[in-house]
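Let's take a walk through this structure. Have the sequence and the 3D view open side by side as you read.

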Amino acid sequence: MRTQIAIVGAGPAGMCLALLLHAHDVDVVVLERRDRAYVEGRVRAGVLEQGSVELLARLGVDARLKREGLVHGGIKLSQGGETFHVDLTALTGRSVTVYGQQQVMADLFDAAEARGLPIEWNAAEVALHDIEGEHPSVSWTRDGTAAALDCDFIIGCDGFHGVSRASIPASVLRTYERVYPFGWLGILADVPPADHELIYAGHDHGFALASMRSPTRSRYYIQCALDEDIAAWPDDRFWDELCLRLGPEAGERVVRGPAFEKSIAPLRSFVGEPMRHGRLLLAGDAAHIVPPTGAKGMNLALSDVAMLAEALLHRYGTGSMTGIDGYSARALARIWKAERFSWWFTALTHRFPETDGFSRRIQMAELDYLKGSRAAQAMLAENYVGLPME
Ligand code: RFL
Ligand code: PHB
């Protein structure tokens with residue numbers, strides 16, 4: 001088999017890139033380790049930057065997003081029980097849209113199916129070959145049968161634990177990492193959200209976040225220990241702790257109900273450089289991870305592939321490798337700013353084991369400063385709604 005572009009991984013990065021290239025008549029094949037139901041079933045991101053919404057619109061996969069996405073012009077920050085509003089739209093002229101990654105994936109898969117875009121589901125033992133030469137290829141097995149694909153470029157969109165980044169020689173790949181000493185315990189419940197906006201709360205017990213998926217479905221998180229036993233968090237205990245951390249004002253408006261999803265996610269900052277080696281290019285979580293506090297992970301995956309699609313289309317349109325040669329540096333410039341923002345927002349709102357009286361008061365002073373300073377709020381707002389794609 002032969003194609004122009006082999007994409008490893010059918011997450012947001014892989015599927016958006018596949019649809020972008022397919023729309024310009026570039027041949028693509030997507031290889032995915034799991035099946036559609038599994039990828040679509042993963043409860044993950046919830047917030048889309050305006051640039052991400054525009055990209056999905058450009059792909060023509062935004063019909064449901066337009067109907068069901070919740071446009072938010074602000075977020076709330078809560079400190080010691082007191083809540084203040086950051087008016088994203090007044091500060092930046094932009095907004096964000098609350099629309100779950102599960103819904104994004106369903107829309108992308110529906111479009112792929114309708115447009116005849118080939119996805120090889122349940123591709124096991126995916127291996128990349130000859131990425132340093134002119135004729136790379138990908139091999140895999142399904143149900144024990146071997147298959148292979150020759151291509152011009154391989155795009156690694158296979159997430160943090162994929163095979164693509166691992167195919168770059170250790171002598172070439174530089175990695176930068178922070179592993180945070182805590183996780184997020186998250187739940188989904190079919191109850192109306194506590195507020196019409198998201199609430200990010202710092203509390204002596206740790207961070208809490210009130211988010212949502214729809215006017216009738218809430219998504220809540222609380223910071224927890226990495227080795228926390230989920231069984232030790234029956235619904236009542238979760239709701240009590242959440243309300244305490246959100247403070248009396250917001251806590252009072254929390255509607256309780258049975259949690260139908262409960263899981264713990266670890267927090268990590270990670271960047272692998274460069275994002276290209278020979279004919280292998282990386283995008284999304286395969287190259288970088290941010291802690292979810294800044295709501296940047298899925299958005300970065302989408303901005304990476306918007307840049308990558310430009311570079312590849314330039315190559316197929318003109319034969320020039322300029323865009324591909326510049327991709328890694330261009331993408332990393334934006335990624336590092338999102339890394340900084342996600343790290344900063346995490347440090348501001350979470351309780352670290354080493355948080356002593358001094359650092360706690362510094363956190364409180366910074367939140368108080370944010371509350372009273374339009375300049376400080378503008379910094380938060382322009383990062384939260386998404387920096388421009390330069
Ligand atoms: P994905 O989504 O991990 O997709 C990678 C795909 O590759 C497949 N794969 C392989 N396929 C073939 N062969 C192999 N060897 C393979 N290895 C892996 C996998 O099965 C999978 O289908 O990466 P992608 O496309 O780069 O997308 C990244 C986003 O999914 C991720 O950054 C976000 O979910 C992060 N994130 C958030 N991002 C936001 O923008 N806003 C948010 O509000 C937000 N909240 C979150 C989050 C992530 C969370 N968790 C659980 C990590 C909240 C949480 C709790
Ligand atoms: C979510 O709704 O899952 C969500 C929202 C905002 C974040 C992280 C996760 O910062």
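## Around the ligand

An oxygen atom of ligand 1 sits 3.2 Å from a polar backbone atom of Ala295, a polar contact being a pair of N or O atoms within 3.5 Å; within protein, one must be able to donate a hydrogen and the other to accept it, and residues adjacent in sequence count only if both atoms are side-chain atoms. The protein covers 89% of the 1,000 Å² of accessible area that ligand 1 has on its own (Shrake-Rupley method, 1.4 Å probe; for residues, only the protein chains shown count as cover). Gly46 uses a backbone N or O atom instead, 3.1 Å from an oxygen of ligand 1.

Which residues come nearest to ligand 1? Out of 33 residues around ligand 1, they are Glu32, Arg42, Gln101, Asp285 and Met298 (near means a heavy atom within 4 Å). Helix α9 gives the shell its largest share, four residues (helices are DSSP runs of H or I with at least four residues, strands are E runs of at least two, both numbered from the N terminus).

## Where the model comes from

This is a predicted model: local features need pLDDT of at least 70, side-chain atom pairs count only at pLDDT 80 or more, and totals for chains, interfaces and linings use all residues. Residues are numbered from 1 along each chain as its sequence is written, chains are lettered from A and ligands numbered from 1 in the order in which they are written, and side-chain values use heavy atoms, with hydrogens and water left out.

The largest nonpolar core has 73 residues, and Ile5, Ile7, Met15, Leu108 and Ile155 touch the most other members. Such a core is a set of buried Ala, Val, Leu, Ile, Met, Phe, Trp, Tyr and Cys residues joined through side-chain atoms within 4.5 Å. Helix α9 (residues 297-318) supplies the largest share of this core, 11 residues. A second, separate core has 33 residues, including Met212, Ala295, Leu348 and Leu380.

Tyr221 belongs to strand β16 (residues 217-224), and counts as buried because its relative accessibility is 13% (buried is under 20% relative accessible area, exposed over 50%, partly exposed in between, with a 1.4 Å probe and protein chains only). The side chain of Tyr221 makes a polar contact of 2.8 Å with the side chain of Arg219. Ser137, in strand β10 (residues 137-142), is buried too, at 12% relative accessibility.

Where is the cis peptide bond? Look from Glu273 to Pro274, where omega is near -5°. Pro274 lies in the loop between β17 (259-273) and β18 (276-277).

Glu125 has a positive phi, near 50°, without being a glycine. This residue lies in strand β9 (residues 124-129) and is exposed, with a relative accessible area of 62%. Asp143 is another non-glycine with a positive phi, about 50°. Asp143 sits in the loop between β10 and β11 (145-150) and counts as exposed at 78% relative accessibility.
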